[in-house]
Amino acid sequence: MTQSIPDSIQKLITHVKEFFPYDEKLQRMFEKCFVNTYETTMKKQKDGKTFVITGDIPAMWLRDSAAQVRPYLLAAEEDEEIADLLEGVLCQQFDFILHDPYANAFNETANQRGHQLDRTTMTPRIWERKYEIDSLCYPVQLAYLFWKSTGRTSHLDKTFQNVIEIIIEVWRIEQDHENRSSYLFERSDCRQSDTLMRDGKGGRVVPTGMTWSAFRPSDDACTYGYLVPANMFAVVVLGYAAEICGDVLNNFALKEECLSLRQEIQGGIEQFAKLDHPIHGEMYIYETDGEGRYNLMDDANVPSLLASPYLGYVSLDDPTYLNTRSFLLSRDNPYYYEGKHASGIGSPHTPDHYIWHIALAIQGMTTKNEAEKKQILTAFLQTDGGTDYMHEGFNADQPEEFTRDWFAWANSMFSEFVLSLTGKVVKGSPLHEDAGNPEIKRVG
């Protein structure tokens, strides 16, 4: 899939090199990581859609594909061909959602690849059918940011309206998962985190206003069905959808549906997803069942609690977020690791003591502390494992030990973080007003 690099992308590479004129490794790493998604994972289809693989897995995740191409919105502002390519990604995502809103990953064709033996409602087009709230959030977020970056509304059409209608339908059903949902998922001969209990129904929950998720963005099963960061993301994208319904589609009835569901989910978060921690104060929890059981942690994958300002649910200065952040970046979080080369958040999805580059990027983009940003940039430079690329997780003491050689999402997140340091932030994104500080010049 290797192809020549467009001038608009090369211009951003040159911009970063000029911003960090003395750091040859940073320049080299940024260039390789930034072009990785474009060069190796994007394939234009005959019908104009764009299929995007994750890297070392030949399937298109709704979440990953949106995150992978997000930095290219900066190029799409002035490059019609890049804009066309990204609009093709959106058209492909919409098509997949309408095919099955409960699936998280899809095949390029109806080739029956992937997890066809899972006990759920599979089709030949589906690679995996792990229901995750964020799989429905990311395409809406990308559609909104694409509109704000390019001014285009051609993708905000009847198909988009149908997508919003089906998302609302699914999220309303999953507000009462126990009584209304027909979704089931079971996988044999696997880790416990790859399947659901109770014959595929998942752990019991009671209505809270939030909407249920079977799996986390790591593709690991939720311990408790109300995944708080994913519900935060749902609140944000329902706001985006409402704005589009009103300003572009002129569908004010659908706008009100978006706003009503948004209010219900947000009310559930604020009522059921907070606690008063004895050390950190009032903070958000990661998961709950609505009956008092909860999970205190964070996972490196986005949406995460750490990412809630990046997503747009809270501001960088929100007191509850700052308390939550204090917990997340401490040893009280069971997946926060400290090592010789880095400190940061990992995941139960990867080995113990493995930090994720995605989490480091989020940490860097959700702080106003310039020393912390510099520290994170240094950590990136020291933990590529000698490859010039980012990975899924890496050993905090031995970065040459890592998971996934070719993981485009991590490369894009690193690229987005570096661009943010230079003041290049995607238009319409929550952190656009807090764009990078020109004081950061050279690290290491």
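User: Before we look at strands, when do two of them pair?
Analyst: Two strands pair if DSSP finds at least two bridges between them. Strands (E, at least two residues) and helices (H or I, at least four) are DSSP runs, numbered from the N terminus.

User: Thanks! And what kind of model is this?
Analyst: It's a predicted model, where local features need pLDDT of at least 70 and side-chain atom pairs count only at pLDDT 80 or more, while totals for chains, interfaces and linings use all residues. Residues are numbered from 1 along each chain as its sequence is written, and side-chain values use heavy atoms, leaving out hydrogens and water.

User: Which residue sits across from Asp 276?
Analyst: That's Glu 282, in β8.

User: Switching topic: in what order do the strands of the open sheet come?
Analyst: The order is β3-β4-β5, three strands with antiparallel pairing. The edges are β3 (60–61) and β5 (126–128); each has a single partner strand, so one side of each is left without a neighbour in the sheet.

User: How many bridges join β3 to β4?
Analyst: Two bridges hold β3 to β4, residues 105–106, and they run antiparallel. Across that pairing, Met 60 faces Phe 106 of β4.

User: Now the inside. Which residues touch the most other members of the largest nonpolar core?
Analyst: Tyr 131, Trp 171 and Ile 269 do, out of 146 residues in that core. Helix α10, residues 228–247, contributes the most, with 14 residues. A nonpolar core is a set of buried (under 20% relative accessible area) Ala, Val, Leu, Ile, Met, Phe, Trp, Tyr and Cys residues joined through side-chain atoms within 4.5 Å.

User: What does Tyr 131 touch?
Analyst: Leaving aside residues up to four places away in sequence, Tyr 131 has contacts including Trp 171, Tyr 183, Trp 212 and Phe 215. Contact means heavy atoms within 4.5 Å.

User: Last one: is Glu 416 buried or exposed?
Analyst: Glu 416 is buried, with a relative accessible area of 8%. You'll find Glu 416 in helix α16, residues 408–421.

User: And which residues does Glu 416 touch?
Analyst: Arg 70, Pro 71, Tyr 310 and Met 365, not counting residues up to four places away in sequence.

Definitions and conventions. Buried means under 20% relative accessible area, exposed over 50%, partly exposed in between (1.4 Å probe, protein chains only).
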